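Please keep the viewer open while you read.

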Amino acid sequence: MMQKTLTRERASSWSWILQAITGVLVIVLVGVHMIFQHFVAAGGLRTYADVVAYIRTPFFLGWETIFLIVVTWHALLGVRAIALDFGLKRSVERVFNWILTIIGVGTIVYGLWLTFTVISRTS
Amino acid sequence: MTMTRHFQLRIYRYKPGSDPHYDTFSVAMPDEANVLDAIERAWDDQDRSLMFRHACHHASCGSCGLRVNEVEKLPCVTPVTDYPDGATLTIDPMRNFPLVTDLAVDAAPLYERTREVGTPIMRESEPLRENGLRVLPEGIADFNRFENCIECGLCLSACPSMAADPFYLGPVALAMAERALAEPRGIDRQSIIDLIDDEHGLWRCHSAFECTEVCPSNVDPAGAIMRLKRIVAAKKFKKLFGR
Amino acid sequence: MSVNAKPKPVARKPIQWIDLRGRRVGFWAYLAMRLSGIGLVVYLYLHLVILNQLTAGPGAWDGFVALARSPIFLALDVVLIIGLLVHGLNGLRLALVGFGIGVPRHKTMLWIGVALAVILSVLSALAIFSKG
């Protein structure tokens with residue numbers, strides 16, 4: 001009887017709600033990102049000096065940081081959805097969730113470190 | 001004068017202990033026939049060991065579900081005139097069910113899942129008239145499409161999530177859950193919501209809509225699933241904002 | 001489960017979610033979402049790793065930018081844009097439908113999304129190759 005093979009305690013609508021919300025946000029975030037990286041920049045690609053000047057601008061620093069967080073979140077929620085499609089046991093799923101969380105936090109930390117490093121370069 | 005069509009029926013065969021393969025049967029069918037008649041003709045004239053499910057022959061029992069040229073169909077109501085004279089029809093059992101033999105699958109996965117939802121569709125006989133025409137519950141037309149379900153399993157066969165996740169509740173049980181939520185008649189609504197609001201419930205549906213495409217009874221399980229997602233998500237928001 | 005011995009063989013293997021036979025347009029959209037999603041995740045991490053070149057100073061970065069102007073790279077950029085458009089436009093449809101909004105018109109939304117993706121992909125390709 002299926003009830004015995006599965007535990008159905010957890011409510012997981014938040015994964016879908018967040019997936020949808022972050023997805024819609026990404027559309028806006030990536031749209032502006034693309035426009036400013038490629039249409040505002042002369043020749044469509046920034047030189048090193050352009051990049052540093054860009055990321056030092058408070059508005060874009062904020063925008064790119066939010067973009068990084070939201071897109072990483074959406075991407076890893078998506079990876080999780082694909083994996084769950086293959087019927088992971090609850091114990092495996094828990095481990096998997098933790099791994100994805102660590103990867104996500106690590107990605108964001110890396111991105112912030114990279115941003116900070118570029119901003120603080122004097123040459 | 002009746003026109004006749006000739007077909008090559010390429011039928012999936014499997015008997016326990018031997019390898020699966022296809023057998024091809026030539027049949028000549030009148031235009032009024034359905035694909036199930038053609039399969040029966042092959043069984044009757046050529047190979048009595050062919051096993052396939054069938055009962056009512058008019059799309060109300062849900063027994064005969066299978067795939068014709070890779071597409072889920074009820075062969076009892078699929079006319080042979082859908083296919084040109086001389087065509088080869090490849091007949092396969094439904095996907096995502098354990099195979100018993102030839103075209104007959106084990107439908108247990110379907111019934112296990114509907115049982116989990118409480119199989120709430122047994123209407124006790126209710127008089128049609130009671131001081132005038134009996135009034136049906138408010139808004140029932142929005143969600144009683146499920147009452148057309150004949151439990152044929154074509155939706156489970158067509159659903160890509162059913163293929164990947166052995167625990168997925170699937171279109172039948174989820175559409176059934178919408179019906180139960182709308183008119184519980186003694187079933188605990190919260191227990192149904194807890195059942196479907198789960199990683200192996202609603203959230204394994206990725207909106208392929210294949211179930212609605214193949215349903216022979218116009219149940220629209222995909223629509224039911226989307227409405228359920230709205231109901232469950234709305235509940236979450238309301239809880240968050242304390243209402 | 002059943003009265004008799006377990007039936008064999010089981011007609012379902014996990015890989016069969018990708019069974020392409022007898023599929024209709026909703027399935028193709030689902031497959032496109034999945035493939036574009038995987039592609040975009042791979043791209044995301046590639047992009048983040050490449051950005052590390054910025055820490056190696058102007059020389060390294062400008063070297064990369066020169067590479068990024070090559071035709072192959074630009075073509076890959078177009079592939080990226082197509083992936084983004086397919087995933088984003090279809091995703092909007094899924095966000096609506098997945099909250100029960102517009103469900104009877106989901107196919108219309110799908111085809112509008114496809115049309116927009118084609119148009120915007122062509123425009124993007126033109127923009128990318130003209131700006132170099």
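The model is predicted, with local features needing pLDDT of at least 70 and side-chain atom pairs counting only at pLDDT 80 or more, while totals for chains, interfaces and linings use all residues. Residues are numbered from 1 along each chain as its sequence is written, and chains are lettered from A and ligands numbered from 1 in the order in which they are written.

**Helix H3 of chain C**

- Helices are DSSP runs of H or I with at least four residues, strands are runs of E with at least two, and both are numbered from the N terminus.
- H3(C) has 27 residues and reaches 39 Å from its first C-alpha to its last, close to the 39 Å expected, where the expected span is 1.5 Å times one less than the number of residues.

**Where chain C meets chain B**

- Contact means C-beta atoms, placed from the backbone, within 7 Å; 25 residues of chain C are in contact with 31 residues of chain B.
- On the chain C side, H1 (25–50) and H3 (71–97) each supply at least two residues, and the largest share, 3 residues, comes from H1(C).
- That side of chain C has 13 nonpolar, 7 polar and 5 charged residues; Ala, Val, Leu, Ile, Met, Phe, Trp, Tyr, Cys and Pro count as nonpolar, Asp, Glu, Lys and Arg as charged, and the others, Gly among them, as polar.

**Where chain A meets chain B**

- This contact takes 19 residues from chain B and 16 residues from chain A.
- On the chain B side, H2 (108–117), H4 (160–164), H6 (189–196) and H8 each supply at least two residues.
- By class, the side of chain B that touches chain A has 7 nonpolar, 2 polar and 10 charged residues.
- A:Ser13, A:Trp14 and A:Ile17 in H2(A) meet B:Val232, B:Ala233 and B:Lys236 in H8(B), and these residues divide into 4 nonpolar, 1 polar and 1 charged.

**Chain B as a whole**

- Chain B holds 8 helices and 7 strands, and its C-alpha trace spans about 65 × 50 × 30 Å along its principal axes.
- Of the 243 residues of chain B, 51% count as buried.

Technical notes: Contact = placed C-beta atoms within 7 Å. Buried ≥ 20, exposed ≤ 12 C-beta atoms within 10 Å, placed from the backbone.
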